[in-house]
Amino acid sequence: MTQNSGYKLLEPAFPEKNVAVFCSTSVAYALYCGVMLHSLLEHASPEWNYDLVVLESELPEECKAKIARLAEGRSNVSLRFFNMDPVVGDAELPVYEDYGIPVNAWYRIWAPEVFQRYERVVYLDLDILVQRDVAELALLDIGDAWLAACPDYGVRAAASDPKLVAYFRDEVGVQEFSRYVNDGVMLLNIRAMRRHRVGVDRLLAAAQKRFRWLDQDVFNHVCQGHIHYLDARWNALASRFFEHQLSAEDLAELLHAREHAAILHYVAGTKPWAAPEIDYASLWWAAARRSPYYEEIMFSRFRGMLRDAAHYGFYKRRHFWCRLISHITWGKMRRKWEMRKRVYRASLLRAERALKAL
């Protein structure tokens with residue numbers, strides 16, 4: 001797990017009132033990255049300076065230029081791109097490209113190194129919609145906690161599954177489901193993490209365990225006992241697919257968080273840009289319509305529908321094959337094929353919707 005140190009460390013963009021936020025993207029998600037950042041800036045306050053950093057690898061200049069235009073004419077906004085190739089070097093990571101999980105999903109693990117000149121930094125996934133000033137999150141008092149994040153109600157819903165209970169207890173090291181957090185929105189206390197030697201080496205070592213939920217399990221595994229739990233409205237999970245499995249108390253908390261959401265998070269496999277009919281998708285599309293990327297998103301969606309419709313037969317065969325193999329294997333191999341089955345199931349559903357729409 002060696003790394004290449006031949007890169008320049010990031011410095012805070014502003015000498016004071018610096019609100020640091022980072023995300024990561026690839027070419028495929030550049031437009032949605034733009035919508036997320038646009039929603040963030042819609043709620044930005046003139047009282048604060050916003051230091052926005054996009055972690056990327058080989059992102060085309062035209063993609064960067066489209067996103068960078070968001071900062072034009074805003075004296076209190078800095079928007080920079082940071083190439084992660086020299087940082088990652090030849091570090092070995094469990095990458096699941098076949099399952100639609102790109103390598104840039106791991107970039108947040110390098111935050112203690114990339115942002116070591118900062119005191120704290122907010123991380124945001126791309127499948128979110130910011131509805132409140134993110135400076136409020138960045139400035140919260142979290143004491144000496146290594147990170148702050150929200151409970152993951154999707155995991156709480158799995159409390160009735162004894163196999164998952166054993167996995168989270170024995171593999172991830174989370175004894176109570178209520179202590180497991182979603183890492184799609186995090187406030188990272190860089191100073192505390194570095195003081196307690198919670199650096200990239202420690203996070204990468206945990207990543208080699210090949211956790212089921214990848215980097216999210218890594219942060220829960222390494223930081224358990226040093227997490228500040230945020231109000232759920234800072235990461236209100238917009239999906240309803242697990243609601244029926246929640247306790248009455250947890251469901252009430254989740255519904256309240258959505259009703260007063262500071263940040264909405266579209267955590268399910270189906271995203272609002274791919275399926276406008278899903279819950280709370282209308283809010284995302286309204287934000288997309290206000291952004292400079294609406295026309296391109298619409299064109300991309302139409303092109304994607306044509307592609308999915310053309311691949312319907314392929315997705316159906318692959319889903320059947322993955323389902324068959326998952327029934328005759330066990331252990332890690334079964335988990336591998338189960339994951340592939342879920343990916344092709346989602347692709348098959350997209351293709352079916354595309355055929356009906358066309």
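The model is predicted, so local features need pLDDT of at least 70 and side-chain atom pairs count only at pLDDT 80 or more, while totals for chains, interfaces and linings use all residues. Residues are numbered from 1 along each chain as its sequence is written, and side-chain values use heavy atoms, with hydrogens and water left out.

**Exercise 1. Work out the strand order of the seven-stranded sheet and find its edges.**

Step 1. Start with the terms: helices (H or I, at least four residues) and strands (E, at least two) are DSSP runs numbered from the N terminus, and two strands pair if DSSP finds at least two bridges between them.

Step 2. Read across the sheet: the order is E3-E2-E1-E4-E7-E6-E8, the sheet is open and the pairing is mixed.

Step 3. Look at the ends. E3 (77-83) and E8 (227-229) each have a single partner strand, so one side of each is left without a neighbour in the sheet.

Step 4. Angles here run from 0 to 180 degrees between N-to-C directions, and axes are lines fitted to C-alpha atoms, for helices over the stretch in contact.

**Exercise 2. Follow the pairing from E1 to E2, and from E7 to E4 and E6.**

Step 1. E1 (residues 18-24) and E2 (residues 49-56) are parallel, with seven bridges; Phe-22 has Val-53 as its bridge partner in E2.

Step 2. Now move to E7. Its pairing with E4 is antiparallel, through four bridges, and its pairing with E6 is also antiparallel, through five bridges.

Step 3. Check how covered E7 is: eight of its eight residues are buried, meaning under 20% relative accessible area with a 1.4 Å probe, protein chains only (exposed is over 50%, partly exposed in between).

**Exercise 3. Which strands does H10 lie across?**

Step 1. Locate H10 at residues 214-223.

Step 2. H10 lies across E6 (147-151), E7 (181-188) and E8, and runs at about 65° to E7.

**Exercise 4. Describe how H13 and H15 pack.**

Step 1. Two packed helices are described by the angle between their axes and the distance between the axes.

Step 2. For H13 (residues 294-310) and H15 (residues 331-357), the angle is about 110° and the axes are 8 Å apart. The two are therefore roughly perpendicular, a label for 65 to 115 degrees (under 35 is roughly parallel, over 145 roughly antiparallel, the rest oblique).

Step 3. List the residues in contact, that is, with heavy atoms within 4.5 Å: H13 supplies Met-305, Asp-308 and Ala-309, and H15 supplies Arg-350, Ala-351, Ala-354, Leu-355 and Ala-357.
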